[in-house]
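Look at the sequence and the 3D view first, then read the points below.

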Amino acid sequence: MAQLLFREDPYLKGCEATVVAVHGDAVELDRTVFYPLGGGQAGDTGKIGDWRVIDTRKGPLPDQVLHVLEPGSNPAAGGKVEVQLDWERRHRLMRLHTALHLLGSVVKASVTGGRINDDKAHLDFDIEMERLVKDAIEAQVNELVKTGTATRAQWITDAELDARPELVRTMSVAPPRGEGPVRLLEIPGIDLQACGGTHVANTAEIGLLKVMRIRSEGKRNKRVTLELA
Ligand SMILES: [Zn+2]
């Protein structure tokens, strides 16, 4: 079980930590700034000491984070290490992740999936293709970016979440139950969703967005892909 520093402060770029276990090419730390793949958001990359981290995954235990090193790294347990995120990449993930919250509030339809990579991000909607107009969506999300609205986190219990199903837009990445308080991401006046990912502090920090493409991925999956302009 690691202390997940990115939960309280997504702007932490590094930390000191101790290697508590090694699983093949993956290293487990007592604390980390690395976000593990989850909720549609890609896992972080960066460095642990001299080792290069090529991906970050959740382990089988609660709050267990596996930092996947490039092959041949030969990590050892017990040592103190400097942990350093590839911050530029993570910041793009935070901007694109927050952009999806804006997109979800612009397109009034249920969300059937989503994914955030460091170069683009998409949501899938259960909607007719003709209701998705590229230029209109792009103009509306950019209007929301320009409002310069501060984002903020709140915490609620599983029971409170169950009583408010509207807080989970993306059922395919619904937050896990029984793991303590659930975090909500609030963009006041725009969006309020249960979300464990990393977000920027203000919508203006996203910068302008482009709708890269809109295409059908199936009857209930109409995919809108955004990129940073
Ligand atoms: Zn989010």
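Phe-34 is buried because 29 other C-beta atoms lie within 10 Å (buried means 20 or more such atoms within 10 Å of the residue's own, exposed 12 or fewer, partly exposed in between, with C-beta atoms placed from the backbone). The model is predicted: local features need pLDDT of at least 70 and side-chain atom pairs count only at pLDDT 80 or more, while totals for chains, interfaces and linings use all residues. Residues are numbered from 1 along each chain as its sequence is written.

**Around Phe-34**
- Phe-34 sits in the loop between β4 (31-32) and β5 (46-48); strands are DSSP runs of E, at least two residues, numbered from the N terminus.
- Leaving aside neighbours within four places in sequence, the contacts of Phe-34 include Asp-44, Val-53, His-67 and Leu-85 (contact: C-beta atoms, placed from the backbone, within 7 Å).
- Pro-10 is 24 residues from Phe-34 in sequence, and their C-alpha atoms are 9.4 Å apart in space.

**The barrel**
- Six strands form a closed barrel in the order β2-β3-β7-β6-β5-β8, with antiparallel pairing; two strands pair if DSSP finds at least two bridges between them.
- Five bridges join β2 (residues 14-23) to β8 (residues 80-85) in the antiparallel sense.
- Glu-16 stands opposite Glu-82 in β8.

**The two domains**
- The domain assignment gives domain 1 (3-85) and domain 2 (90-228); such bounds come from an automatic or database assignment.
- The C-alpha centres of domain 1 and domain 2 are 26 Å apart.
- At the boundary, 11 residues of domain 1 are in contact with 16 residues of domain 2.

Technical notes. Two residues are in contact if their C-beta atoms, placed from the backbone, lie within 7 Å. Helices (H or I, at least four residues) and strands (E, at least two) are DSSP runs, numbered from the N terminus.
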